Amino acid sequence: MKEIFLGTVTVEGWEKVKIEGQKGIIGYSAEEVAFRVPGGLLRIRGNALNIDEISAEIAVVSGRIEGVDREKAKPPKSRAYR
Amino acid sequence: MKGGFRIRYFIERHPCFALNKLCGAGVTAKAVRREGEGASFSLGSDEADRGERVMLGSGVKFVRLYESGFFAHLKALKGKAALLVSLAAAIAGTALYSFSVDSVRVTGVNRVDENAVLEMVREELPSPFILPGEDFSAAERKLLNIDGVAYASVGKSGRDIIVKIVEELPEVPLLNTQNPIPLPAKEGGVITKIVVLNGTKRVEAGDTVTKGEILIEPFIVSDSGERIATRAMGIVEAKVRRTERVECPAEGSAAELVLERKEAFEAALEEGARLIDYSFEVKKVDKKAYLDLYYDIITRI
């Protein structure tokens, strides 16, 4: 059965992104924050990115947002991030 | 967040791993900031214990940085408030101690009853606390009513009240003195106070006198109306104007020069003299600017 992303991604004025239903953070830098979401990855690109809040249900990223990309899941080869 | 304040943590490495562990345990991390390979974040005080247990259990090395938030500030403020209160209490205690009167010392009494002086001073100064700048003139006037007191001054030195008495000359038959010397004015001015110790005063307070003018005549009049020559003695104070002219420098403001000159003048004043007013004007003489300063002082003449 194919898993589909049931969460919500809300972009507020290109300054804040709210991700509901994230399954874990896999990368974090000032230019990119990546989350695991059902069915793939969600990458937030920008500058001076900060994570305002992160919990099991929600993550809020703020900064100068340049883009939000979704990648479909690939078969895991190795543990990409710790 | 029920605890009311937040605790900030720093983890050196693998922040994503730590954050996922925290999220998995139902802990919410806020204000996550990437710092090199690590990151800092804050946890609510009600979740901090659980978060620390999760990190310890997962082998995440962390450092507790500080507490923030209203209640944390309140805790810090409580400490500061206690410090301020104790400081205020110490200052108040010191002030009360320094304002309190320890003893009354009388100097210059030989024939005058010292107890009468002490009693009079205590009547006039009933409060055990004397503030700085207290006016003792009423007490000084009252002291003049005591028999034999020609002049009295009251002041505070440390925690002591100092009463200085100048006694009247003894009532003994005065013989003609060989050298009847009058008391002339050393400077011109307006008399503000005159106390005759010996002789007969020629001027009153408020009179304008010039330099060399006789202030106290060298004689006294006996009960029988006879003029008896004597050496004039007394204390005469007057408001005197002194002037100073300085050349204005090419640079710098006149106001700074005025203040500088005024402070130098005050520092050089003779003992007992005090500056009560000053003024100045700038004049041009021969293409040069001069500053004329006028100082009004009260001094003995």
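Biologist: Of the contacts in chain A with a separation of 6 or more, what percentage comes from residues 24 or more positions apart?
Modeller: They account for 40% of those contacts. In chain B, 63% of the contacts between residues at least 6 apart in sequence join residues at least 24 apart. The model is predicted, and these values are computed from it.

Biologist: How do you know what secondary structure chain A has?
Modeller: The assignment gives zero helices and six strands in chain A, with the elements running β-β-β-β-β-β from the N terminus on. A strand needs at least two residues in a DSSP run, and a helix at least four. For chain B the assignment comes to six helices and 17 strands.

Biologist: How many of the residues are called buried in each chain?
Modeller: In chain A, buried residues make up 23% of the 82 residues. In chain B they make up 18% of the 301 residues. The label requires 20 or more other C-beta atoms within 10 Å of the residue's own.

Biologist: Why is Gly108(B) called partly exposed?
Modeller: Gly108(B) has 16 C-beta neighbours inside 10 Å. Buried starts at 20 and exposed ends at 12, so a count in between is called partly exposed. Gly108(B) is found in the loop between S5 and H4 of chain B.

Biologist: What is Gly108(B) in contact with, leaving aside its neighbours within four places in sequence?
Modeller: Gly108(B) is in contact with Lys164(B), Ile165(B), Val166(B) and Glu167(B); contact here means C-beta atoms within 7 Å. Lys164(B) is 56 residues away along the chain, and its C-alpha atom is separated from that of Gly108(B) by 6.0 Å.

Biologist: What makes S5(B) a hardly covered strand?
Modeller: S5(B) has five residues, and the count of buried ones among them is zero. S5(B) still has a partner: five bridges join S5(B) to S7(B), and the two run parallel. Pairing needs at least two bridges, so five bridges meet the condition. Within this pair, Ser103(B) stands opposite Asp160(B).

Biologist: Which residues of helix H4 of chain B are buried, and how do you know on which side they lie?
Modeller: The buried residues of H4(B), which spans 114-124, are Val117(B), Met120(B) and Val121(B). They cover an arc of only 100 degrees around the axis, which puts them on the same side of H4(B). Asn115(B), Glu119(B) and Glu123(B) are exposed on the other side of H4(B). The buried residues pack against strand S5, helix H5, strand S6 and strand S7 of chain B.

Biologist: Why are S11 and S16 of chain B said to stand at the edges?
Modeller: The open sheet has five strands in the order S11-S9-S15-S17-S16 (chain B), with antiparallel pairing. S11(B) and S16(B) each have a single partner strand, so one side of each is left without a neighbour in the sheet.

Biologist: What makes S15 and S17 of chain B a pair?
Modeller: They share 11 bridges in the antiparallel sense. The requirement is at least two bridges, so S15(B) and S17(B) count as paired. Arg245(B) stands opposite Asp292(B) in S17(B). Helix H6 of chain B lies across S15, S16 and S17 of chain B, at about 30 degrees to S17(B).

Biologist: How many residues does the contact between the chains take from each?
Modeller: The contact takes 16 residues from chain A and 16 residues from chain B. On the chain A side, S3(A) and S5(A) each supply at least two residues, and S5(A) gives the most, with five. By class, that side has eight nonpolar, five polar and three charged residues.

Biologist: How do you know that S5(A) pairs with S2(B)?
Modeller: The two strands have three antiparallel bridges. Two bridges would be enough, so S5(A) and S2(B) pair. In this pairing, Val32(B) is the bridge partner of Ile51(A).

Biologist: Which residues have the most contacts inside the largest nonpolar core?
Modeller: The core has 32 residues, and those with the most contacts inside it are Val33(A), Phe35(A), Ile54(A), Leu19(B) and Ala29(B). S5(A) gives the most to this core, with five residues. Not counting residues up to four places away in sequence, Ile54(A) touches Ile25(A), Ala59(A), Leu19(B), Cys23(B), Ala29(B) and Val32(B). In soluble globular proteins, nonpolar side chains tend to be buried together.

Terms used: Residues are numbered from 1 along each chain as its sequence is written. Chains are lettered from A and ligands numbered from 1 in the order in which they are written. This is a predicted model: local features need pLDDT of at least 70, side-chain atom pairs count only at pLDDT 80 or more; totals for chains, interfaces and linings use all residues. The arc is that of the directions from the helix axis to the C-beta atoms. Two residues are in contact if their C-beta atoms, placed from the backbone, lie within 7 Å. Ala, Val, Leu, Ile, Met, Phe, Trp, Tyr, Cys and Pro count as nonpolar, Asp, Glu, Lys and Arg as charged, and the others, Gly among them, as polar. A nonpolar core is a set of buried Ala, Val, Leu, Ile, Met, Phe, Trp, Tyr and Cys residues joined through C-beta atoms within 7 Å. Axes are lines fitted to C-alpha atoms, for helices over the stretch in contact, and angles run from 0 to 180 degrees between N-to-C directions.
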